[in-house]
Amino acid sequence: MWTPGCGDGAPSPSYAHDVTIIRRAGYESARLRLARLRLAGNTAREVGAQRATEISARSLKVERVGIWLFSADDVLECALMFTLSSGKHSAGERLFASRFPAYFEALRSVRAIVADDATTNSATAELAGDYLLRHGITAMLDAPIIRDGSVVGVVCHEHVGSERRWTQTEIDFASSVADIVALVFEQADRLEAEARHQDQKERELENRKMDALERFARAIAHDFNNVLSTVSALGQAVAKSSDTRAAEHGKELLETVGLGTHLTRQLLELSRSEDAPHVKVSLSDVVTRLEPMLRTLMEEVGGELSVVTMPTHVLGDETALERVLLNLCTNARDALTTGGHVRVSLRDPRPDEELSDGFAVLEVTDDGHGMDEETLARVFEPYFSTKPEGTGLGLASVYAIVRQLGGEVQVTSEVDAGSSFVVALPRAE
């Protein structure tokens, strides 16, 4: 049986030995929790980093644990910092190699930076004025994050307060945390690559489906157009009849044929026309020119329109782009409830949209009734419509035109919260 102390108040050797065993057991438990992290979805990297910094801080009883990554050879950026006393995360601070060359050199040349006194240690002393004193850091234990043989960052353990000497067990634990973080990021990269691959497969499947629908629509439209031509000729003959009643029926027949011809023309527009010339078009001028008409559209249902433009030139066809904008706004108008709002904006792509700088974005957003997942999956299909009198050709035409112009169209929607259609088109130099 051991005793917690000797007669002079100092811990007994057996007590110190037992404390060491308990601490090692705690570190092993923490390692297991880190190793068993299960990541999924597009937040895998963030969640993994959060859990790693939290577990490490609590296991080592360190005030600050941060994951820093090289954004360039000479820039180290804090991707995530966990503060134990507040339980909060932060990010964004940056360190530059030009100001801290010894620290950057040490990161790339040692397995761990062990600084019991961070203000005097040769690797960390140069951080004193700009970083250590500002955060109250007295000791540091940094373990580089290594991937594919290269240092890509560092897990930084920063002790605040009284003097601290790092034990070999703590150093080993910190190094294992950095190794696990490297594995977490590798797993996150794999999940992101798999998600991109799945998205690509879904887009390819959608494109094949639309190709088949377009070919079918064109074939039907071609044959139907021939029938309408014959009916139109008969209608013209009847309309010239001396029999007033017959002549009226002939005119009605011609009006019906006119509607059928219009629908047939829309079907024909669904087919690709990749050889059509694409010229430089001011998309901002198209929006400005149609704005009065679009405002009238919204006023018909008591809705409001806001327009945000910027000088934007794309490769395309002016008439086709007018149809795209008009169809999108008509669809948005039909989705509004009383007093709803539609926003038309021209902008640059956002980072999360994964579009290159060679694209410009036309976005039409409404706060109407939105769409459920089933409707969203079929929104661009010809002849699919949730409107009692809808033909389902408006959005199908938008999809076809944008593809013809070498662009992309995406839609997000939530029931009772509205929809957003994003059209990305190639910029014109």
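The following questions and answers concern a predicted model of one protein.

Visitor: What is the mean pLDDT of the protein?
Guide: The model is predicted, and each residue carries a confidence value. Of the residues, 79% reach a pLDDT of 70 or more. The mean pLDDT of the protein is 81.

Visitor: Over which residues does pLDDT stay under 50, with 13 contacts beyond four places in sequence?
Guide: Where pLDDT is low, the predicted coordinates should not be read in detail. One stretch with pLDDT below 50 is residues 12-26, which has 11 contacts in the model beyond near neighbours in sequence. The stretch with 13 such contacts, counted beyond four places in sequence, is residues 1-8.

Visitor: How many helices and strands are there in the protein?
Guide: The chain has 429 residues, and 41% of them are buried. Of the contacts with a separation of 6 or more, 63% are between residues 24 or more positions apart. The secondary structure comprises 10 helices and 14 strands.

Visitor: At what angle do the axes of α7 and α8 cross?
Guide: Helix α7 covers residues 283-299 and helix α8 covers residues 318-335. Their axes come within 10 Å, and α7 passes α8 in a right-handed crossing. The crossing angle is roughly 35 degrees.

Visitor: Which hand does the crossing of α8 and α10 have?
Guide: Helix α10 spans residues 394-404, and its axis lies 9 Å from that of α8. The two helices pack at an angle of about 145 degrees. The crossing of α8 past α10 is left-handed.

Visitor: How many polar residues are in the contact of α8 with α10?
Guide: From α8 the contact takes A320, R323, V324, N327, L328 and N331. From α10 it takes G394, L395, S397, V398, I401 and V402. The classes are 7 nonpolar and 1 charged, and the polar count is 4.

Visitor: What distance separates the C-alpha atoms of F421 and L328?
Guide: F421 is found in strand β14 and is buried, at 2% relative accessibility. Leaving aside neighbours within four places in sequence, its contacts include L328, N331, V364, F380 and L395. F421 and L328 are 93 residues apart along the chain, and their C-alpha atoms are separated by 7.6 Å.

Visitor: Which residue is joined to S419 by a side-chain polar contact of 2.7 Å?
Guide: S419 lies in strand β14, residues 418-426, and counts as buried because its relative accessibility is 6%. Beyond four places in sequence, S419 is in contact with V364, T365, D366, G370, M371, T412 and S413. The partner in the polar contact of 2.7 Å is S413.

Visitor: Is A128 buried or exposed, and why?
Guide: A128 lies in helix α4, residues 128-135. Its C-alpha atom is 7.6 Å from that of A118, a residue 10 places away along the chain. Its relative accessible area is 15%, and the cut-off is under 20%, so A128 is buried.

Visitor: Where is K61 placed?
Guide: Phi of K61 is near 55 degrees, a positive value in a residue other than glycine. K61 counts as exposed because its relative accessibility is 61%. Its place is in the loop between α2 (44-60) and β1 (64-72).

Visitor: What is the relative accessible area of D148?
Guide: D148 is found in the loop between β6 (137-147) and β7 (150-160). Phi of D148 is near 55 degrees, a positive value in a residue other than glycine. D148 is exposed, and its relative accessible area is 79%.

Notes
Residues numbered from 1 in each chain as written. Predicted model: local features only at pLDDT ≥ 70, side-chain atom pairs only at ≥ 80, totals over all residues. Heavy atoms only, no water. pLDDT = per-residue confidence, 0-100. Contact = heavy atoms within 4.5 Å. Axes fitted to C-alpha atoms, helices over the stretch in contact; angles between N-to-C directions. Helix = DSSP H or I, 4+ residues; strand = E, 2+ residues; numbered from the N terminus. Left-handed = near helix turned anticlockwise from the far one by under 90°. Buried < 20%, exposed > 50% of the residue type's maximum accessible area, 1.4 Å probe, protein only. Polar contact = N/O pair within 3.5 Å; in protein donor to acceptor, adjacent residues only side chain to side chain. Nonpolar A, V, L, I, M, F, W, Y, C, P; charged D, E, K, R; others polar.
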